[in-house]
Amino acid sequence: MTHDLVTALRPLLTAEASAEAYAAGTEPGDLEQAVWLRLLERLDAQDPPRDPEGWLRRAVRTEARRTRRTARLERPYDIEPADDADRDPEHLALAAARRRALRAAVRRLPGRCPRLMEALLSEQDLTYREIAGELGMSQGSLGPERSRCLGCLRRLLTLEVAGR
């Protein structure tokens with residue numbers, strides 16, 4: 001049943017996500033993945049939607065709105081916090097220690113997270129497409145995977161800081 005529903009909805013979801021992604025400021029694959037997740041959560045909690053196509057269209061628009069709202073709340077730094085230019089030796093030493101601690105924590109992450117985070121932290125400033133190719137992942141799954149890995153890293157670093 002679930003497989004048939006996914007197979008039937010895939011072309012429609014691809015088209016809807018492609019149509020909404022640009023205005024939402026996201027990748028179509030990220031939008032698709034978010035909607036698939038919502039569908040699977042719904043199927044786990046209750047029956048399939050009565051009108052799957054209508055539900056899917058509404059879900060895509062809801063996820064697009066959520067993405068736009070999130071993007072409006074995010075603000076870039078005025079200066080790059082990792083920029084070590086014009087700093088005295090003490091600041092440079094502290095920044096180097098923070099980078100070493102971060103890299104050590106990244107190596108302790110589970111699963112694919114260490115490779116993904118190292119690629120994101122790379123000085124080569126790789127694009128999502130390049131990272132996806134390097135890791136053998138779909139480009140659309142990088143955002144959610146990155147979020148999961150950052151959550152793990154945040155918890156790991158919080159425990160370390162609290163333990164000191």
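Reader: How many disulfides does a search of the whole structure find?

Author: The model considered here is predicted. When the whole structure is searched, the number of disulfides found is 1.

Reader: Which residues form the disulfide, and how far apart are their sulfur atoms?

Author: A disulfide requires two cysteine sulfur atoms within 2.5 Å. Cys113 and Cys149 form such a link. Their sulfur atoms stand apart by 2.1 Å.

Reader: Is the link of Cys113 and Cys149 left-handed or right-handed?

Author: The angle about the S-S bond is -80°. With this angle, the link of Cys113 and Cys149 is left-handed.

Reader: Which parts does the pair tie together, and how many residues apart in sequence are they?

Author: Cys113 belongs to helix 5, which covers residues 113-121. Cys149 belongs to helix 7, covering residues 139-163. The pair therefore ties together parts whose separation in sequence is 36 residues.

Reader: Is Cys113 buried or exposed?

Author: A residue counts as buried when its relative accessible area is under 20%. For Cys113 this area is 0%, so Cys113 is buried.

Reader: Where does Glu145 lie, and which residues is Glu145 in contact with, leaving aside neighbours within four places in sequence?

Author: Glu145 is part of helix 7. Its relative accessibility is 12%, so Glu145 counts as buried. Leaving aside neighbours within four places in sequence, the residues in contact with Glu145 are Arg112, Leu116 and Met137.

Conventions:
Residues numbered from 1 in each chain as written. Predicted model: local features only at pLDDT ≥ 70, side-chain atom pairs only at ≥ 80, totals over all residues. Heavy atoms only, no water. Helix = DSSP H or I, 4+ residues; strand = E, 2+ residues; numbered from the N terminus. Buried < 20%, exposed > 50% of the residue type's maximum accessible area, 1.4 Å probe, protein only. Contact = heavy atoms within 4.5 Å.
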